[in-house]
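Please read the following note beside the sequence and the model. The points take up one annotated region and two residues in turn.

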Amino acid sequence: MAATVKYDEVETGQQIPPADYPVRRVNLVMYAGASGDFNPIHWNERFAKTVGLPDVIAHGMFTMAQGGRFVTDWAGDPGAIVDYGVRFSSMVVVPDDEQGAIITVSGVVEEKLEDNRVVVALTARSGDSRVLSKARAVVQLA
Amino acid sequence: MALNRDFVGRASAPSAPYEVSRVKIKEFATAIGDNNPIYRDREAAQAAGHPDVVAPPTFPIVFSLAGGTILADPELGLNFAMVVHGEQRFEYQRPIHAGDELVSVSTVTDIRSVGRNELITVKSDVTTVDGEPVCTTYNTIVERGGAG
């Protein structure tokens with residue numbers, strides 16, 4: 001597929017500039033509808049608190065999607081991702097206000113593989129927490 | 001409650017075919033806040049070498065949770081109210097695009113305790129209705145306090 005980043009122009013250790021992705025309650029409602037995950041911990045504060053959570057939390061998959069977006073925006077083509085995995089290491093707490101929360105994603109080219117593929121290691125933070133760990137994407141470059 | 005270890009190795013029946021539509025891809029892309037034209041505009045997708053609009057990398061979560069039928073089995077003992085997502089991985093044999101008709105077969109590959117939590121991993125093999133491999137997903141969910 002047509003990644004716009006060229007393998008030969010990428011160095012191991014190269015940083016990909018961070019990006020901020022805001023998340024408000026409305027985004028979680030939209031994500032619930034689009035994904036089919038209607039777990040009330042993602043939209044119902046009363047329910048979230050009864051199961052011991054501090055507040056409504058974002059779907060892990062919403063956070064993972066922001067990491068995916070970060071990589072596809074860099075690579076230039078969503079079809080360039082051949083493998084993408086994360087561990088959800090902390091919750092993204094989304095308060096019921098206009099600001100909501102912010103997920104900040106950054107990346108580094110961790111390794112160059114054969115066949116014009118690279119491993120991108122991602123860091124995702126929200127507030128003081130690292131919300132993804134072991135976040136890696138294998139990307140097919142041009 | 002501890003999860004029933006007898007479920008390790010258990011596989012779901014193949015899911016009913018899931019038809020990937022342009023409308024659903026656009027809805028999903030909008031929900032994740034991604035304005036990439038390759039998710040919306042067939043010509044932009046074709047210019048990037050795809051037959052039609054492609055799905056975002058995490059889109060398979062929409063249909064690959066056929067494992068849900070296993071997870072919902074009362075014999076497993078999973079308390080959904082205490083579930084959070086632990087890990088997720090997608091291996092793509094090729095991008096998913098509008099027009100694909102996809103079938104998932106899900107298998108419980110692991111159940112383990114970590115501290116007071118129970119972790120269960122479900123692998124889903126996603127193919128076209130003609131049997132072409134498209135992607136493999138690995139979904140680990142955490143039942144908080146399940147092992148307590």
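1. A residue is called buried under 20% relative accessible area, exposed over 50%, and partly exposed in between, with a 1.4 Å probe and protein chains only. Glu45(A), at 28% relative accessibility, therefore counts as partly exposed. Asn36(B) counts as buried because its relative accessibility is 12%.

2. This is a predicted model, in which local features need pLDDT of at least 70, side-chain atom pairs count only at pLDDT 80 or more, and totals for chains, interfaces and linings use all residues. Residues are numbered from 1 along each chain as its sequence is written, chains are lettered from A and ligands numbered from 1 in the order in which they are written, and side-chain values use heavy atoms, with hydrogens and water left out.

3. Glu45(A) belongs to helix H2 (residues 45–50) of chain A; helices are DSSP runs of H or I with at least four residues, strands are runs of E with at least two, and both are numbered from the N terminus. Not counting residues up to four places away in sequence, Glu45(A) touches Arg25(A), Asp55(A), Val56(A) and Asp96(A), where contact means heavy atoms within 4.5 Å. The C-alpha atoms of Glu45(A) and Asp96(A) are 8.7 Å apart, although 51 residues separate the two along the chain.

4. In chain B, Asn36(B) is found in the loop between helix H1 (22–31) and helix H2 (42–47). Beyond its neighbours within four places in sequence, Asn36(B) is in contact with Asp73(A) and Pro78(A). A polar atom of the Asn36(B) side chain lies 3.0 Å from the backbone nitrogen of Ile38(B).

Conventions: Polar contact = N/O pair within 3.5 Å; in protein donor to acceptor, adjacent residues only side chain to side chain.
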